Amino acid sequence: MAKSKFEPTGAIELEARNLSVLYDSTPAVKSISIRIPDRRVVAFIGPSGCGKSTLLRCFNRMNDLVPGARVEGEALFQGTNLYGPEVDPVDVRRRIGMVFQKPNPFPKSIYDNVAFGPRINGFNGNMDELVEQSLRKAALWDEVKDRLNASALALSGGQQQRLCIARALAVEPEVLLMDEPASALDPIATQKIEDLIYQLKQDYTVVIVTHNMQQAARVSDYTAFLYMGELVEYGETNRLFTNPVEERTEAYITGRFG
Amino acid sequence: MRHFEEGLNELKSTLVGMAGLAEEQVRKAVRALVERSLDLAQEVVDGDDAIDELEVQVDEMAIRLLALQQPMARDLRFITMAMKIGNDLERVGDHAENIADAVQYMISAAPFPVLPEVEEMVRMATDMLTDALDAFVRGDAAMAREVLKRDDRVDELHDNNFRILLTHMMEDPRKITAGMDLLLVSGNLERIADLATNVSEDVVYLVEGRSIKHHAESGGPGKAHGS
């Protein structure tokens with residue numbers, strides 16, 4: 001547990017309460033409590049295997065899909081336990097979208113990629129409008145508006161990642177979880193994703209896992225440092241990167257770890 | 001040792017060398033005053049270029065580390081404070097040169113006794129500078145805070161000097177040249193003490209990560225830089 005308990009101000013969108021995740025019997029996340037405020041960007045940082053991706057995946061029940069994974073404690077979304085018996089994981093994943101490290105567009109047209117989610121959710125409004133709106137929010141519209149029927153696989157890696165963000169936004173989620181969304185991209189594509197994250201927080205709560213500390217520093221309002229399944233320190237990004245409280249945080253962010 | 005730490009150590013040792021030089025310039029200028037030595041005063045004037053050059057080197061090293069290493073936390077505070085302290089030390093060197101200039105004029109004017117207040121100022125300002133730089137080298141915030149407390153006394157001495165010298169000059173217009181020069185010396189010493197204060201505040205920020213500038217400390221908990 002973090003010695004310096006940090007309480008963000010404002011409405012809380014996501015919260016973990018004594019949340020633990022075990023893979024078979026090996027704990028990956030150890031009784032973490034953290035509050036994520038509404039329409040802010042929170043970054044999870046830490047070395048490989050620290051539990052940051054596992055913690056992220058709890059918030060849209062992606063760990064349900066991992067054989068042998070067991071979740072203890074609570075993960076709350078707007079005050080409701082996501083692991084409660086009445087909760088439908090499919091509905092959770094609609095309201096809490098996810099973007100992965102590697103862009104994973106469907107082998108379909110650009111248009112169909114974005115329209116896919118709304119279609120299976122029975123969306124019966126103006127689909128053209130929704131597709132355009134989602135692509136605009138993902139800062140991709142201008143680059144693809146003349147070739148919406150082209151294959152998504154013909155796009156560059158950075159464009160594919162923004163398409164995946166557009167696809168996630170099309171089902172009108174409230175939260176976006178991003179697991180290393182820019183680690184497979186070049187610096188220009190990375191910058192576009194980072195600018196996009198900055199804009200998205202006007203409408204969405206964003207939680208991003210990243211290995212890149214400079215990226216966490218650039219895009220997030222709050223940063224959580226995890227180590228060996230524990231939340232070591234959580235606080236305002238500016239403060240955490242200029243003057244961390246915990247020695248382990250200082251050691252990690254200055255590259256003097258272990 | 002990591003490449004980055006080598007860079008940090010190089011920056012620190014350059015700054016320490018610069019600090020030693022700046023201190024020496026101040027002490028030498030003061031000795032020129034007390035001993036009425038034109039040679040010493042000239043040495044001070046000639047010695048300022050070396051400090052200026054080191055300031056440029058400190059800036060270049062710091063900018064290179066910022067650009068290439070993206071430092072965080074204490075490293076980031078160290079590098080940014082090194083740039084500020086380098087700048088302050090360069091100013092200390094300039095004040096030493098100003099004192100040496102004033103001494104050169106004074107020697108050509110009618111002899112004028114160095115006031116005990118000026119001597120006390122010399123002692124206090126040079127000690128403050130030495131201690132501030134020691135605090136920086138050791139990363140000692142308590143020592144830096146101790147330096148801050150002495151600045152008021154130096155200001156007070158400068159105010160006294162102003163009154164005393166003004167009285168002398170009004171009584172005897174022949175003392176005006178030397179009196180004005182001594183006032184200049186006093187003013188430069190007062191500024192050196194201020195710069196030692198700045199360095200001390202930067203040391204506290206470096207160690208603790210919070211700013212105590214502009215009496216942030218007396219008005220409650222200091223505010224972190226940039227927040």
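Guide: This is a predicted model. In it, 13 residues of chain B are in contact with 13 residues of chain A.

Visitor: Which helix of chain B gives the most to the side that touches chain A?
Guide: The side of chain B that touches chain A divides into five nonpolar, five polar and three charged residues. Five residues of that side come from one helix, which gives the most: helix α3 (residues 73-108) of chain B.

Visitor: What ipTM and pTM does the model score?
Guide: Two scores apply to the model as a whole. They are ipTM 0.74 and pTM 0.83.

Visitor: How many helices and strands does chain B have?
Guide: From the N terminus on, the elements run α-α-α-α-α-α-α. The secondary structure of chain B therefore comes to seven helices and zero strands.

Visitor: What is the radius of gyration of chain B, and what does the globule rule give for its 227 residues?
Guide: The C-alpha atoms of chain B fill a box of roughly 65 × 40 × 20 Å along the principal axes. Buried residues make up 40% of the chain. The radius of gyration is close to the value from the globule rule, so chain B is as compact as a globular protein of that length. The two values are 19 Å for the chain and 17 Å from the rule.

Visitor: How far apart are the end C-alpha atoms of helix α6 (residues 151-171) of chain B?
Guide: The helix has 21 residues, and at 1.5 Å a residue it should span 30 Å. The distance in the model agrees with this, at 31 Å.

Visitor: What arc around the axis do the buried residues of α6(B) cover?
Guide: The buried residues are B:Val154, B:Leu157, B:His158, B:Asn161 and B:Leu165. They lie on the same side of α6(B), because the arc they cover is only 100 degrees.

Visitor: Which helices do those buried residues of α6(B) pack against?
Guide: The other side of α6(B) has exposed residues, among them B:Asp152, B:Arg163 and B:Glu171. The buried residues, in contrast, pack against two helices of chain B, α4 (116-138) and α7 (176-208).

Visitor: What is the radius of gyration of chain A?
Guide: Chain A has ten helices and ten strands. The globule rule gives 18 Å for its 258 residues, and the chain is close to that, so it is as compact as a globular protein of that length. Its C-alpha trace spans about 55 × 40 × 35 Å along the principal axes. The radius of gyration of chain A is 18 Å.

Visitor: Is A:Arg93 buried, exposed or partly exposed?
Guide: A:Arg93 is in helix α2 (residues 89-95) of chain A. It has 19 other C-beta atoms within 10 Å, while a buried residue needs 20 or more and an exposed one 12 or fewer. A:Arg93 is therefore partly exposed.

Visitor: Which residues is A:Arg93 in contact with, leaving aside its neighbours within four places in sequence?
Guide: A:Asn60 is 33 residues apart from A:Arg93 in sequence, but the C-alpha atoms of the two are 5.4 Å apart in space. With the sequence neighbours left aside, the contacts of A:Arg93 are A:Asn60 and A:Arg61.

Definitions and conventions. Residues numbered from 1 in each chain as written. Chains lettered and ligands numbered in written order. Predicted model: local features only at pLDDT ≥ 70, side-chain atom pairs only at ≥ 80, totals over all residues. Helix = DSSP H or I, 4+ residues; strand = E, 2+ residues; numbered from the N terminus. Rg over C-alpha atoms; globule rule 2.2 N^0.38 Å. Contact = placed C-beta atoms within 7 Å. Nonpolar A, V, L, I, M, F, W, Y, C, P; charged D, E, K, R; others polar. Expected span 1.5 Å × (residues − 1). Arc of directions from axis to C-beta.
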